[in-house]
Amino acid sequence: MKLPSLRDVGTEARLLLIGIPVLIWTLLPIYHMFLFAISPKEDAFAGKLWPDHPTLNNFSIVFNERHYFLSHFWLQLWNSTVIAVAVGALTLFIATAAAFSISRLRVKGGRLIMNLALFTYFIPAAFLAVPMYRTMGIYGLLNNHWALILAMVTIASPYAIWVLKQASDKLPVELDEAAIMDGATTLQLFRLVYIPLMMPSLVAIGTYALLLAWNEYLYAFLLLSKDTDITLPVALGNFLAADDSPWELLMTTGFIYALPPAAIYYAFKRYMVGGLTAGAVKS
Amino acid sequence: MATMTVSTGDAVPRGPLSSRLTTTQIWGFALLAPYVLVFLAFVLYPVGYGLWLARHPASYVSLYHDPIFARAAVNTLIFLVIGINLKMLMALVLSGFFIQSRSWIKWLSVLFILPWAVPSIPTILSVRFMLNPEWGVINQLIFKLTGEDGPNWLNEPTLALSMAILVHIWKSLPFWTLILMTGRLAISHDLFEAADVDGASWWQKFRFITWPSVRTLYLTCTLLSMIWTLGDFNSVYLLTGGGPADLTHVLATLGIRYLRLDQLDLSMAAIVCALPLVLPLVYFMMKRLSR
């Protein structure tokens, strides 16, 4: 092995010159949050890079709901979970059925529905928030978990249908033909041929919808208001209402809230990157 | 771009499926029905209702006379023109950085995704505290280094808006970098080898190989990001709350502000004002993706 040339050292140095700022830029807010979570109040406010007395006391306060801001922590965590899982499951059901219908059964008007769905996908969600809020009021669903679930399904479905349609267009049509030759009904075709072949995309889409619902703040805070109904992000936002917010507890709760989506993302990265990002922008 | 283009359904020949019109079509309608219902109840009806609320010309007159609306419109444009272009430029540069084959860059790219993978609320609140003029880590650092008090970050409209733009960039940069990386990786490596043989400079390789291949993708990403950024409520609302003195609102937060003040017609009218900009973009993107 020969020694690296001056040119190689220069290239490496230039790469580091980009890499180090990128690392700091990426991690700073997250590290800051983590630091608050493991610091007693005095240390957190002292602007230190590492607390003098790192502690897990904040976590214990959160888990035992020992602060009036946190009196429904477990219930709110549960609300977030139930809503996210419901949105994931419902989106998956609606989008798979629609994609199968449009792509494999080539239903009449399928193309129109696909275009309408895409149109919805591109309308900024914040623009739809106010009319959606009023609509849910008219339907009598305000302060009901179904309001948030249905709103999030509405937002998640268009992209879900589009990705699943793209994926199912790639399955060879001969498969369907062979199954029908063998006497399969449409439902059997759906259940026994289509679903198993689509598994990777279904995992990606289910995860996408679940994370979207878990992360949602705007719709959650518009549609739900009771302390026992709200999801965790709304509870985090409510911390801000007070002047003397317990920031170390806010950051601890935020850290706990951020862990599951990060873990899910990295666990399903294989599906997410292939299934979602490449499909997101087609050139 | 071979890997990015996915062939659409038109390529599939019409098989015996569509000839068995009756039962298949009935199943088709039945399976499509759930989404159609969702669309009718939660997209078409709210949109129609919103437009109906925004029907009074008087709403637009009062919007016109509301200085907060004018300010929000300008802020939104700044957010779009400066924020998005800065972000896409950074994404373009970083996509070139992350495709370098070094193991430490591989690890860095795994960490780099974090802002996109974690929910935005806790991280925005974390930034909010970092910028606290008295207790925040940034001003404490400024004080330690210079002995002077740092700026009151979130209390000066220009600084506050810049910070909201930075938070937006922080959050969505990884996503666009990832997409541009996919575009760059699709370029045939032979081209670069041939350029190396010819002694092309770094800039020439970018100018004549990379840029022509990713140009369309870059423009699509910019348009898409513009549409989505219009709906970015969290970056502004959770960082500045629209303050100080309602000077940092964007259209997404303004609608909610009017809702809070029970001025529903203004809320909808403000959104309708953005439609001439949004609808052509939306239509263009829809056509692109439904090909």
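**Exercise 1.** Determine how the radius of gyration of chain A stands against that of a compact globule of 283 residues.

*Solution.* The model is a predicted one. Step one: a compact globule of 283 residues would have a radius of gyration near 19 Å. Step two: the value for chain A is 24 Å. Step three: the extent of the C-alpha trace of chain A along its principal axes is about 75 × 70 × 30 Å. Step four: 46% of the 283 residues of chain A count as buried.

**Exercise 2.** State how many helices and strands chain A has, and describe its contacts between residues at least 6 apart in sequence.

*Solution.* Chain A contains 14 helices and zero strands. Its pattern along the sequence is accordingly written α-α-α-α-α-α-α-α-α-α-α-α-α-α. For the contacts, consider pairs of residues at least 6 apart in sequence: 77% of these join residues at least 24 apart.

**Exercise 3.** Identify the domains of chain A and describe the side of domain 1 that touches domain 2.

*Solution.* First, the domain assignment divides chain A into domain 1 (6-63) and domain 2 (72-280). Second, the centres of these two domains, taken over C-alpha atoms, are 32 Å apart. Third, the contact between them involves 11 residues of domain 1 and 10 residues of domain 2.

**Exercise 4.** Which residues have the most contacts inside the largest nonpolar core, and which residues does Val87(A) touch?

*Solution.* The largest nonpolar core has 160 residues, and within it Val87(A) and Met152(A) have the most contacts. The helix that gives the most to this core is H7 of chain A (residues 145-169), with 16 residues. Turning to Val87(A), and leaving aside residues up to four places away in sequence, one finds that it touches Ile149(A), Met152(A), Val153(A), Ala156(A), Ala209(A), Leu210(A) and Ala213(A).

**Exercise 5.** Compare the span of helix H5 of chain A with its expected span, and list its buried residues.

*Solution.* Helix H5 of chain A (residues 110-122) has 13 residues. At 1.5 Å a residue, 18 Å is expected; the distance from its first C-alpha to its last is 19 Å, which is close to that value. A residue is buried if 20 or more other C-beta atoms lie within 10 Å of its own. In H5(A) the buried residues are Gly110(A), Met114(A), Ala117(A), Leu118(A), Thr120(A), Tyr121(A) and Phe122(A).

**Exercise 6.** Describe the contact between chain A and chain B.

*Solution.* Begin with the numbers: 83 residues of chain A and 86 residues of chain B take part. On the chain A side, H1(A) provides the largest share, 11 residues. By class, the chain A side has 56 nonpolar, 19 polar and eight charged residues.

**Exercise 7.** Why is chain B described as more spread out than a compact globule?

*Solution.* Chain B has 14 helices and zero strands. Its radius of gyration is 24 Å, whereas the globule rule gives 19 Å for 291 residues; the value is well over the rule, so chain B is more spread out than a compact globule. Its C-alpha trace spans about 75 × 60 × 30 Å along the principal axes. Of the 291 residues in chain B, 39% are buried. Lastly, among contacts in chain B with a separation of 6 or more, 71% are between residues 24 or more positions apart.

Technical notes:
Residues numbered from 1 in each chain as written. Chains lettered and ligands numbered in written order. Predicted model: local features only at pLDDT ≥ 70, side-chain atom pairs only at ≥ 80, totals over all residues. Domains from an automatic or database assignment. Contact = placed C-beta atoms within 7 Å. Nonpolar A, V, L, I, M, F, W, Y, C, P; charged D, E, K, R; others polar. Helix = DSSP H or I, 4+ residues; strand = E, 2+ residues; numbered from the N terminus. Rg over C-alpha atoms; globule rule 2.2 N^0.38 Å. Buried ≥ 20, exposed ≤ 12 C-beta atoms within 10 Å, placed from the backbone. Core = buried A, V, L, I, M, F, W, Y, C linked by C-beta atoms within 7 Å. Expected span 1.5 Å × (residues − 1).
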